[in-house]
Amino acid sequence: MRVLIVEDEEALSTLLRYNLEAEGFSVDAAARGDDAELLLAERTPDLVLLDWMLPGLSGIELCRRIRARRETERLPVIMLTARGEEGDRVRGLGTGADDYIVKPFSVPELLARVRALLRRAKPAHVADRLAAGDIELDRTGHRVRRGGTELHLGPTEFRLLEFLMLSPGRVFSREQLLDGVWGHDVYIDERTVDVHVGRLRKALNGPRQTDPIRTVRGSGYAFDETFSLEP
């Protein structure tokens, strides 16, 4: 899961990035509110840690804009600020922040709040197991079973299946799959996705079994949202 840190204190931003990555999150960071707005337009994270006082565009105004956009209106936001008065907390929550934490704060407490908010907002994304139809994916043990039989998937095919199962029905372009599965800073040919989708299908599908991966010509791939309804 991806967290966007919007914080102009470099030392604090580095500390948060280190601890979030240690917990398994992918992290993007911006030191200015206007830069963060550009990042949000390029790619929507799963959660935003947002400082109140920022150069370029204040955290309060950025939070308002996040809530005004259809693509981000439900995006979890935790406000970080040195302003601890009740009126400030009310104002921060009133602009759309889901939680509010006052500096200085405990990093373990912040991480606990991040996990709690994600459990409420995106329960599937923090679940240990994903299931659809006769396919079960164990995220902790890195195992996949179909009809009770364990399948042998390579690490890339496992991540690809996991990524698709988290958003059944959503069509992802090859570029989006490269970003989500391989990482934003990896530069490989988009056709690599086709190769790994082919390997995933070969591992998943036996004779007379329904293919859960849907190809959308000219657009990309999706995990078929009707797959779990198959008899």
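Helix H2 (residues 33–42) packs against H3 at an angle of about 20 degrees, and their axes lie 10 Å apart. Axes here are lines fitted to C-alpha atoms, for helices over the stretch in contact, with angles running from 0 to 180 degrees between N-to-C directions. H2 is therefore roughly parallel to H3, a term for angles under 35 degrees. The contact (heavy atoms within 4.5 Å) involves Gly33, Ala36, Glu37 and Leu40 of H2, together with Leu62, Arg65 and Ile66 of H3. By class, 4 nonpolar, 1 polar and 2 charged residues take part in the contact of H2 with H3; Ala, Leu and Ile are among those counted as nonpolar, Glu and Arg among the charged, and Gly among the polar.

The model is predicted, with local features requiring pLDDT of at least 70 and side-chain atom pairs pLDDT 80 or more, whereas totals for chains, interfaces and linings use all residues. Residues are numbered from 1 along each chain as its sequence is written, and side-chain values use heavy atoms, without hydrogens and water.

In helix H3 (residues 59–68), Gly59, Ile60, Leu62, Cys63 and Ile66 are buried, that is, under 20% relative accessible area with a 1.4 Å probe and protein chains only. Viewed down the axis of H3, these buried residues fall within an arc of 160 degrees, so they line one face of the helix; the arc is taken from the directions from the helix axis to the C-beta atoms.

Glu225 lies in the segment after strand S11 (220–223). Beyond neighbours within four places in sequence, Glu225 contacts Pro168, Gly169 and Arg214.

Technical notes
Buried means under 20% relative accessible area, exposed over 50%, partly exposed in between (1.4 Å probe, protein chains only). Helices (H or I, at least four residues) and strands (E, at least two) are DSSP runs, numbered from the N terminus. Angles under 35 degrees count as roughly parallel, over 145 as roughly antiparallel, 65 to 115 as roughly perpendicular and the rest as oblique.
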